[in-house]
Amino acid sequence: MKITRIGRASSVAVVAALALAACGSSSNNDSSSSAPAGGSGSGAAAGTATASGAGDCFSGSLNAAGSTAQQNAITQAISSYQSKCNGAKVSYNGTGSGAGITSFIAKQVDFAGSDSALSPDKGEPAKAKAACGSDALNLPMVTGPIAVAFNVKGVDKLNLTPDLIAKIFSGKITKWNDPEIAAANKGAKLPDTNISVFFRSDESGTTDNFTNYMNKTAPKIWTDEKSKKWTGKVGQGKSKTAGVATAVKATDGGIGYIEWGYAVQNKLNFASVNGVELTGASAGKAVEAAQVVGTGKDLSLKLDYTTKEPGAYPIILVTYEIVCSKYADATKGKNVKSFLSYMASPDFQKTLEGVGAAPLPAEIQSKVVDSINSIS
Amino acid sequence: MSLDVKDIPASEAGDLGGIDHGKSGIRVLKNNIATVLIWAAFLIALIPLVWILWTVLSKGLSTILTVTWWQKDQSGVGAPGFDTNVRGARHAIIGTLEIAAATSVIAIPIAVMTAIYLVEYGRGKLARGVSFMVDILSGVPSIVAGLFIYAVWVTFFGWKLNAFCSSLALVLLMVPVVCRSTEEMLKLVPNELREASYALGVPKWKTIVKVVLPTSFSGIVTGSLLGFARVAGETAPLLILAQYTQFLNYNLFSGNMAALPTLINVNVPNMAGDQVSADRVWGAACTLILLVLVINLLGRLIGRLTRVKS
């Protein structure tokens, strides 16, 4: 029995594993290390309403999860924040708003992304307060217009009214050449195709905002209250925004509600509402009509879906970052503050349109910066 | 073929002393049909295997042949559709290896000792019970293992998830695999060896340590490495327990850690609209297959090097 061989063989394995683990450097920072790290003095940005973004860099990691609606925006923010602050490692998992809040309450993440503010009906603010040891704040961060994406052969442009949207998504209109759709689209050639409705099968803030929109603008047709879970009776459920987008793209006659960014990315057509096309500017106008209903530093918004503002695209959602007002771990609080300051800064907000999101209106933006500065 | 010679006419039996294939048409026909069927079954079984390999290699090979893929992580990754760099998978490769290694460190001793108990000591009700439990454990769906650890770790204790949780869930999957293969290996050790050892007055524990284990060592190593390869590619528990991050993290006990399956999972939703995401998915799939292949080969090699010469 050659026991010596055992040692030799296993040492080969160990050496191989070590060699595999040891070679090469880890990150992609080489290219971005030329960016200046900014003033690293602590509190450089604190106190002023226009935080200069990467005023105080941190090194370490932050963990966040939640809404897929802001995934593109926050991925972009992480990447550009990291190019300013080398050691800052922020990870964001797009698990959906519901899962994000659950993780936040279970203390699994440092902050959560959500398409709706914490809901008092479900006792979420109290649970979040218990998890934080202090009040949790809803901070609006990114405006995500919801596109009503459709796929009808031969139709590029479609105009819908709130009533039509509610009728289509509740199954009261089932054909694309329905006279009511034709009336809103004079001159368009609508085919005799069945309408296939797609909705989100997971709990989603997008669904919450979209059902709220239908309930507020066409209460007689869409009678259900807003809900994170789809309560409609027709259509097929698909997982996550990407699932709905893929399904609409693959189905002739398909229609679904998805975040604007995904519609652009998947090259899908999306409908105008009351003749207003969806653009960053038209969505921004709708946010301006929103009211702040949060108290103190909490900035929950009440969106006005029935806004009569000319040129406003009304189906929008505002995605929030849900944070603790005071973190048990002070460093954590400082890190969250530093990253969110950057995300709320005008410098970053103006790049949002590139990834299919709209910037916050200036008035709300300055309130957000104010609230972020109060985090400790 | 155990045909009775008596059944065959003397004239035919004369030249071969058995069967003459050329003379009985029906037998030849049956033989040919059976051959064709068996070959067809074999080829059908090969189709998905070759197809998978072809798809993964054709789509992923170009990605993994770049140096960046092995040297960098995904830090600085941009929004899908707006990022033109594939970047690397180093964080996920290291993560997969570390998680699987931690799993092995816990699972292999438990599994090997259970197997030793079952083969060398176990008699009666307890042994039957243990054996039954191992069977049940091997039938537990992997997602249930993940849910179980989540329930214990987060819901019950209220701790923060880390990469080690994934290892714990994978332990539940690895133990039965390694235990069963080790058991088979120990059963293969001839009883004469044990008896010879006892006859020389060697106690039972020493016989096991010095005779039984070294004799079956190559088989145990092979079985363990196959278990390692299995958990390296396991996905379901990671979907629940492993929080993906785009950064390299060596620490199993703090922070998020990426693994190849989660790297795939994160990029799959964007595959349809974004070629770069698709490249990452296929690259990671290719890497995972390659990793499992290398580990399997390593298992064979170690098995061969440590084989006991008779």
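This is a predicted model: local features need pLDDT of at least 70, side-chain atom pairs count only at pLDDT 80 or more; totals for chains, interfaces and linings use all residues.
Visitor: What share of the residues of chain A count as buried?

Guide: Chain A has 376 residues, and 51% of them count as buried. The cut-off for that word is 20 or more other C-beta atoms within 10 Å.

Visitor: Which contacts in chain A join residues 24 or more positions apart?

Guide: Among the contacts with a separation of 6 or more, 72% are between residues 24 or more positions apart.

Visitor: Why is strand E2 of chain A called largely enclosed?

Guide: E2(A) covers residues 88-93, and six of the six are buried, so the rest of the structure largely encloses this strand.

Visitor: How do you know which faces of E2(A) are covered?

Guide: In a regular strand, side chains alternate between the two faces of the sheet. On one side of E2(A) are A:Ala88, A:Val90 and A:Tyr92, and on the other are A:Lys89, A:Ser91 and A:Asn93. These residues are all buried, and both faces are covered.

Visitor: Why do strand E1 of chain A and E2(A) count as a pair?

Guide: A pair needs at least two bridges found by DSSP. E1(A), residues 60-66, and E2(A) have six, in the parallel sense, so they count as a pair. In this pairing, A:Asn63 stands opposite A:Ser91, and A:Gly60 has A:Ala88 as its bridge partner.

Visitor: With which other strand does E1(A) pair in the parallel sense?

Guide: E1(A) also pairs with strand E3, residues 111-114 of chain A, over three bridges. There A:Ala65 stands opposite A:Ala112. E1(A) has five of its seven residues buried, so E1(A) too is largely enclosed by the rest of the structure.

Visitor: How do you know where the buried residues of helix H5 of chain A lie?

Guide: H5(A) covers residues 124-132, and A:Glu124, A:Ala128 and A:Cys132 are buried in it. Viewed along the axis of H5(A), the buried residues fall within an arc of 65°, so they line one face of the helix. Their cover includes helix H4 (97-105), strand E4 (136-151) and strand E13 (316-324) of chain A. After H5(A) comes A:Gly133, with a positive phi near 85°.

Visitor: Why is A:Ala147 called buried?

Guide: A:Ala147 has 26 C-beta neighbours inside 10 Å, and the cut-off is 20, so A:Ala147 counts as buried. A:Ala147 lies in strand E4 of chain A. Leaving aside residues up to four places away in sequence, A:Ala147 touches A:Ile258, A:Trp260, A:Ala263, A:Phe270 and A:Leu278.

Visitor: What makes the phi of A:Lys267 worth a remark?

Guide: Most residues other than glycine have a negative phi. A:Lys267 is not a glycine, and its phi is positive, near 55°. A:Lys267 sits in the loop between helix H10 (260-265) and strand E9 (269-270) of chain A.

Visitor: Is A:Lys267 buried or exposed?

Guide: A:Lys267 has 10 other C-beta atoms within 10 Å. Exposed means 12 or fewer, so A:Lys267 is exposed.

Visitor: Is B:Arg87 buried or exposed?

Guide: B:Arg87 has 24 other C-beta atoms within 10 Å. The cut-off is 20 or more, so B:Arg87 is buried. B:Arg87 has a positive phi of about 60° although it is not a glycine. Its place is in the loop between helix H3 (67-71) and helix H4 (90-121) of chain B.

Visitor: Which domains does chain A have?

Guide: The assignment gives domain 1 (11-144 + 322-373) and domain 2 (146-282). Their contact takes 16 residues from domain 1 and 17 residues from domain 2 of chain A. On the domain 1 side, these are four nonpolar, ten polar and two charged residues.

How values were computed: Residues are numbered from 1 along each chain as its sequence is written. Chains are lettered from A and ligands numbered from 1 in the order in which they are written. Two residues are in contact if their C-beta atoms, placed from the backbone, lie within 7 Å. Helices (H or I, at least four residues) and strands (E, at least two) are DSSP runs, numbered from the N terminus. The arc is that of the directions from the helix axis to the C-beta atoms. Domain bounds come from an automatic or database domain assignment. Ala, Val, Leu, Ile, Met, Phe, Trp, Tyr, Cys and Pro count as nonpolar, Asp, Glu, Lys and Arg as charged, and the others, Gly among them, as polar.
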